[in-house]
Amino acid sequence: MQLRNKILPITLAVVIFGGAGWYLYRDIKKLPENNIPQENSLQGNQNATTTDDNPTITILPPNPAPSELDRPLVFKNSNLSDAQKQTIEDKIKELIADLRKNPGHYEAWLDLGLNRKDAGDYEGARDAWERAVLVDPSRSVAYGNLGVVYGFYLGNQPLAEKNFNEAINIDPQFLYLYGQFSDFYKNIVKDIAKAKEVLRRAQDANPKDRAEIQKIIDSF
């Protein structure tokens with residue numbers, strides 16, 4: 001799957017927080033800086049394969065298919081054109097067909113969540129990313145996605161914190177995760193002390209970037 005170049009919020013330095021986690025960069029860049037609106041493993045025979053540095057766990061389809069695939073598509077995003085809606089609908093149909101054959105396709109669950117989120121179906125995005133966590137709990141991307149959807153869209157602070165922390169524990173070198181988590185505290189919770197605390201964790205885990213991260217902390 002080809003990675004897409006995305007942009008972090010302007011409150012964070014791209015030079016520090018750029019890199020991985022492309023599924024959420026597109027979500028975050030749409031959010032206004034100070035007005036952000038309120039995502040045990042599957043059973044089956046597992047065969048691990050590796051693409052670049054991202055392992056994909058393939059699980060033979062259980063019977064029945066995961067219930068998340070039967071969720072109706074409802075567009076709640078009023079800013080979408082008819083053409084955009086059709087593109088999203090076609091992509092979701094394609095992903096669902098793929099996942100019915102291979103419900104262990106981690107990246108397809110991530111992409112399904114992203115498309116449901118673009119439709120304005122935040123609960124559907126959450127369900128898809130929760131399923132991705134079940135497919136492979138060792139990877140940080142779905143946890144980070146869930147931190148964003150719970151924190152910025154569904155208004156669930158405890159689950160946002162839980163998932164952001166899970167993501168950072170898995171990949172403490174991924175600075176974009178700290179950026180999202182810090183933005184959540186700064187813009188949603190309105191707790192500057194906690195926002196700075198998250199960035200100090202980033203400093204501890206990434207000492208080579210300490211000075212640049214400190215500039216962001218000092219700007220708050």
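**Entry 1: confidence**

I began with residues 1-15, where pLDDT stays under 50 and the model has 30 contacts beyond four places in sequence. I then looked at residues 25-64, and there the pLDDT is below 50 as well. Beyond near neighbours in sequence, I found 103 contacts in the model for that stretch. This is a predicted model, so I kept those values in my notes. For the protein as a whole I read a mean pLDDT of 78, with 70% of its residues reaching 70 or more.

**Entry 2: the core**

Which residues have the most contacts inside the largest nonpolar core? I found Trp-109, Leu-112 and Phe-184, in a core of 48 residues. I went on to see which helices supply it, and H3 (82-101), H4 (106-118), H5 (122-135), H6 (141-153), H7 (157-170), H8 (175-189), H9 (192-205) and H10 (210-219) each bring at least two residues. H6 gives the most, with nine residues.

I picked out Leu-112 and listed what it touches, leaving aside residues up to four places away in sequence. My list reads Leu-69, Ile-92, Leu-95, Ile-96, Leu-99 and Ala-128.

**Entry 3: H8 beside H9**

How do the axes of H8 and H9 cross? I noted roughly 170°, with the axes coming within 7 Å. Angles over 145 degrees count as roughly antiparallel, so H8 is roughly antiparallel to H9.

I also checked who meets whom. On the H8 side I saw, among others, Leu-175, Tyr-178 and Phe-181, and they face H9 residues including Ile-192, Val-198 and Leu-199. The residues of this contact divide into 10 nonpolar, one polar and three charged.

How values were computed: Residues numbered from 1 in each chain as written. Predicted model: local features only at pLDDT ≥ 70, side-chain atom pairs only at ≥ 80, totals over all residues. Heavy atoms only, no water. Core = buried A, V, L, I, M, F, W, Y, C linked by side-chain atoms within 4.5 Å. Buried < 20%, exposed > 50% of the residue type's maximum accessible area, 1.4 Å probe, protein only. Helix = DSSP H or I, 4+ residues; strand = E, 2+ residues; numbered from the N terminus. Contact = heavy atoms within 4.5 Å. Axes fitted to C-alpha atoms, helices over the stretch in contact; angles between N-to-C directions. Parallel < 35°, antiparallel > 145°, perpendicular 65-115°, else oblique. Nonpolar A, V, L, I, M, F, W, Y, C, P; charged D, E, K, R; others polar. pLDDT = per-residue confidence, 0-100.
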